[in-house]
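Biologist: Could you walk me through this one before I set anything up with it? I would like to go topic by topic.

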2 protein chains.
Amino acid sequence: MRPVYIVGAGMTRFGRSELPLVDLAGTASLAALRHASLGKVPVDGVVVANMGGSRINRQTALASALVDRLALYPAAAEAVENGPASGASAVKVGFQAVASGMADVVLVVGVEMMRAVDGLEGTDFVASLSHPEVEYIYGVTLPSLAGLFARLYMSRFGVERRHLAMVAIKNHDHAMKNPYAHIHQPITMEGILTSPEAVVNNPLVADPLCLFDCCPVSDGSAAVILASKDIAERLSGPRVRIAGMGQATDTHAVHEREDPTDLRAVRLASEKAFAMADAKPADVHVAELHDAFTILEIAESEAAGFFKRGEAHKAIERGETRLGGRLPVNPSGGLKARGHPVGATGVAQLVELTWQLRGEATDRQVEKAKVAYACNFGGFGNNVIATVLRKEER
Amino acid sequence: MRPVYIVGAGMTRFGRSELPLVDLAGTASLAALRHASLGKVPVDGVVVANMGGSRINRQTALASALVDRLALYPAAAEAVENGPASGASAVKVGFQAVASGMADVVLVVGVEMMRAVDGLEGTDFVASLSHPEVEYIYGVTLPSLAGLFARLYMSRFGVERRHLAMVAIKNHDHAMKNPYAHIHQPITMEGILTSPEAVVNNPLVADPLCLFDCCPVSDGSAAVILASKDIAERLSGPRVRIAGMGQATDTHAVHEREDPTDLRAVRLASEKAFAMADAKPADVHVAELHDAFTILEIAESEAAGFFKRGEAHKAIERGETRLGGRLPVNPSGGLKARGHPVGATGVAQLVELTWQLRGEATDRQVEKAKVAYACNFGGFGNNVIATVLRKEER
């Protein structure tokens, strides 16, 4: 298998966009292409991650439209959809194109414009990734699944609402240092949990999860340029290798799992990614986790192997996952505060980690970061992709 | 690059389906899995080709749902969308997974349920693959683009309506021998062109294209099992290798092409596929072309290199592309009569060719077929994938 490198990364600021879908993707693509400075090296392939274009934006064949907008023909192009893990799935597809030798340079761009729809339609759209017969038709939504999961996890492991709030506060703090984040709003324990005004500031969404336990609905796009070793060696700048990728699926319906608190797909995907990278969780200096809901950052950090089961909330209490801590988690602000334009998220995680490994993460830089980990979590843990990046010295 | 084999192929009969989308895909998948007889060899990856699930069937994360329905977890899974070329794009993604070494066995299944929507919504859905700003918003539909293209092609190369009718008649005849075809209806030159009743039987859709120049709107699913050489050697049955795959994009808007009759992406994709397979068009014994409209079979057969420009209609007149002719084209009945469930088509082409190379094509078997070619045509020629299959003797 040929080694694969990320030689460029770029994104739009997440939030609200007035651009057409293809231009939003084009903006992130151009940022990544500029970052890579390919010169005359052509882009052989384009992979677009998107979940809602057909339904929300009435656009299919988005990959062809993007190739046209960027005048990249005759580059091969297609779109990949894998629910909220669409971004990492697209990176994996691009990875395989380069690893197999079918392509030398691939642009992978994730994009979503979710704010084009109103609240109920948006909730229904996101719920369309649940099981069609035993979840969706009964009105299950993703926040409701997350609420049930949180209740069980909290009762089993002694996690309290203040731990969930700590995750939100940390990620909002991190996002203050990220100019690309959707939400620039510091929050406090008093403001969202302990003061009398907290119930107004932070209303219940799906018991026990409140507003600030949930990621926002965002528009945005993020892109990376993947390249073969030959190409990567010709370019300047630090070299970031995709050292390992692992993917695993689990039952589509959450209630069919023997232990719903066991994020089996996160565990298996992470084990595969670490094995391929010849690394272990303790080697990781910085991680981006899929905190669509605060409880997920806690649960995923355990399933990925960073903490023992039921121990992550104690590490969070000790500040270990903050910038400056032992293992900074979501220095970007995570889905919670950077935002979660569904198709873009998995790519945005790798954009942040590429910047971290290249030492380009400005105020939120994790010192001496050489190994990085990302978890992109599809459905409710039914399709997960873990990625391990490694900085290679020249 | 590791060699990749098709070790199993299966499909549903195209036409109308009452099954849920995931079950329709599951039915074709099970047929392909049964054909492959993998025994205890696990499926490592699943790639689903689908264009309309999100909009038409309110289902996303279809790949996860299918893994669950077939109990294939923890297999990696994602969906691929590339307009009408989604099928071959998904095969290419599966090919790269095996070729890179990320997977040993991959199920690729294309599926579409188009008859769930009414006519106007269906036409609008298909048109969503056109250019959003210079085609779609002006009301362009795929038949209208094809009509303009046909008019230009006919005036430049002396193609007449009777040549278009010959393509339709041939493909309807071929479909009579294919139990999986949507349309089992023999048609005649009198019935659709020369008799007084022809204008009633075969009304104009988009001048000069009439009803029988256009593919039907179909539901259906088709699947192939891809495997590494190690696995292929362990299984019984003839060995069909994906010897070459080429993909190319062109301008998204048809009118921006210097010569709209030059299907540049078909030409480039075919050149790449033949070069990779170390073969030439004259080596091909059987071909499946993307005849969404009759004129396309003519134009593609030239762009792929089987005939000189402007010569294909003469070869059709001589019967060269019929079963029993020099180069049988669309023995399955093609999109015209086998049907065109968009995401399934590119996979169905390879299902037919796999059966042909294995000698399992019953009444429509092309004798001594060893090299086969498929063209899956996305958008209006803006994203094309060509595939060359080769039978390897054991």
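Predicted model: local features only at pLDDT ≥ 70, side-chain atom pairs only at ≥ 80, totals over all residues.

Biologist: Fine, start with the copies. What rotation and shift put chain B on chain A?

Modeller: Chain B is superposed on chain A by a rotation of 180° with 0.0 Å of shift along the axis, and the RMSD is 0.0 Å. The two copies are thus related as by a two-fold rotation axis. The same surface serves both copies, in that 100% of the contact residues of chain B recur in chain A.

Biologist: And how many residues of each chain are in contact?

Modeller: The contact involves 51 residues of chain B and 51 residues of chain A. On the chain B side, at least two residues each come from helix 2 (53–56), helix 3 (62–69), strand 3 (76–81), helix 4 (86–100), strand 8 (239–249) and helix 11 (264–277). By class, that side of chain B divides into 24 nonpolar, 21 polar and six charged residues.

Biologist: You listed strand 3. How do the strands 3 of chain A and chain B run, parallel or antiparallel?

Modeller: They run antiparallel, with three bridges joining strand 3 of chain A to strand 3 of chain B. Within that pairing, E81(A) stands opposite A79(B).

Biologist: Let me zoom in on P132(B). Where does it lie, and is it buried or exposed?

Modeller: P132(B) lies in the loop between helix 5 (119–127) and helix 6 (142–157) of chain B. It counts as buried, because 22 C-beta neighbours fall inside 10 Å and the cut-off for buried is 20 or more.

Biologist: Which residues is P132(B) in contact with, beyond its sequence neighbours?

Modeller: Leaving aside neighbours within four places in sequence, P132(B) is in contact with P20(A), V22(A), Q59(A) and A65(A) of chain A, and with I137(B) of chain B. As for I225(B), which is 93 residues away along the chain, its C-alpha atom is separated from that of P132(B) by 35 Å.

Biologist: Switching to helix packing, at what angle do helix 4 and helix 15 of chain A cross?

Modeller: The axes of helix 4 (residues 86–100) and helix 15 (residues 342–358) of chain A come within 5 Å and cross at roughly 60°. That makes helix 4 of chain A oblique to helix 15 of chain A. Residues in this contact include S86(A), G87(A) and A88(A) from helix 4 and G343(A), A344(A) and G346(A) from helix 15. By class, the contact has eight nonpolar, five polar and no charged residues.

Biologist: And what about helix 7 and helix 12 of chain B, how do their axes cross?

Modeller: The axes of helix 7 (residues 161–176) and helix 12 (residues 294–303) of chain B come within 8 Å and cross at roughly 95°. The two helices of chain B, helix 7 and helix 12, are therefore roughly perpendicular to each other. H163(B), L164(B), V167(B) and A168(B) of helix 7 make the contact with T294(B), I295(B), E297(B) and I298(B) of helix 12. These residues divide into five nonpolar, two polar and one charged.

Notes. Residues numbered from 1 in each chain as written. Chains lettered and ligands numbered in written order. Least-squares fit on C-alpha atoms with pLDDT ≥ 70 in both. Contact = placed C-beta atoms within 7 Å. Axes fitted to C-alpha atoms, helices over the stretch in contact; angles between N-to-C directions. Helix = DSSP H or I, 4+ residues; strand = E, 2+ residues; numbered from the N terminus. Parallel < 35°, antiparallel > 145°, perpendicular 65-115°, else oblique. Nonpolar A, V, L, I, M, F, W, Y, C, P; charged D, E, K, R; others polar. Pairing = 2+ DSSP bridges. Buried ≥ 20, exposed ≤ 12 C-beta atoms within 10 Å, placed from the backbone.
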